[in-house]
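Come along as I look things up, entry by entry.

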Amino acid sequence: MARFFLLALCLFFSGAQAFTASPMPHRMSSAILMSEDQESIEERGVSFDQDGKSNVWAIEPKVEVSVKSSEETTQSALIAGGAIVAALGFAAVALSNLPDPSQY
């Protein structure tokens with residue numbers, strides 16, 4: 001029983017170590033390393049506030065508006081409807097010509 005308690009205690013403390021902060025190597029940001037005569041590369045969706053913290057936001061894609069006329073839309077709908085009717089007809093013919101399973 002004492003061995004089990006000791007093992008559980010060791011596992012508890014070794015597992016608690018996983019939730020501690022690990023030391024990070026000190027890195028200087030590229031904004032600090034860049035000299036003033038070089039041009040800064042501006043990234044879309046990223047900015048830095050006065051404290052030097054980065055702000056990142058999403059850039060929404062442009063919405064495309066359909067420019068098809070009503071005739072083109074109707075024609076596309078008719079072609080799609082015809083394809084569906086043809087597929088259903090092919091399936092009905094194939095299923096109606098299957099052999100009768102009671103003959104075996």
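**Entry 1: confidence.** Before reading anything else, I noted that pLDDT is the predictor's confidence in each residue, on a scale from 0 to 100. I also noted that contact means heavy atoms within 4.5 Å. Both terms matter here, since this is a predicted model.

I looked up residues 28–33 and found that pLDDT stays under 50 there. For that stretch the model has one contact beyond four places in sequence. Helix H2 (residues 30–33) has the lowest confidence in the chain, at a mean of 48. I was glad to find helix H3 (residues 70–96) at the other end, with the highest mean, 95. Over the chain, pLDDT averages 77, and 70% of the residues score at least 70.

**Entry 2: layout.** I listed three helices and two strands. Following the sequence, I wrote down the pattern α-α-β-β-α.

**Entry 3: surface.** How much of the chain counts as buried? I found 1% of its 104 residues. The accessible surface came out at about 10,700 Å², and carbon and sulfur atoms hold 63% of that area.

Entry 4: Next I turned to the start of the chain. Helix H1 covers residues 2–16, and Phe-12 lies in it. Is Phe-12 buried or exposed? I put Phe-12 down as exposed because its relative accessible area is 55%, and exposed means over 50%.

Terms used. Residues numbered from 1 in each chain as written. Predicted model: local features only at pLDDT ≥ 70, side-chain atom pairs only at ≥ 80, totals over all residues. Heavy atoms only, no water. Helix = DSSP H or I, 4+ residues; strand = E, 2+ residues; numbered from the N terminus. Buried < 20%, exposed > 50% of the residue type's maximum accessible area, 1.4 Å probe, protein only. Areas by Shrake-Rupley, 256 points an atom, 1.4 Å probe, with all protein chains shown as cover.
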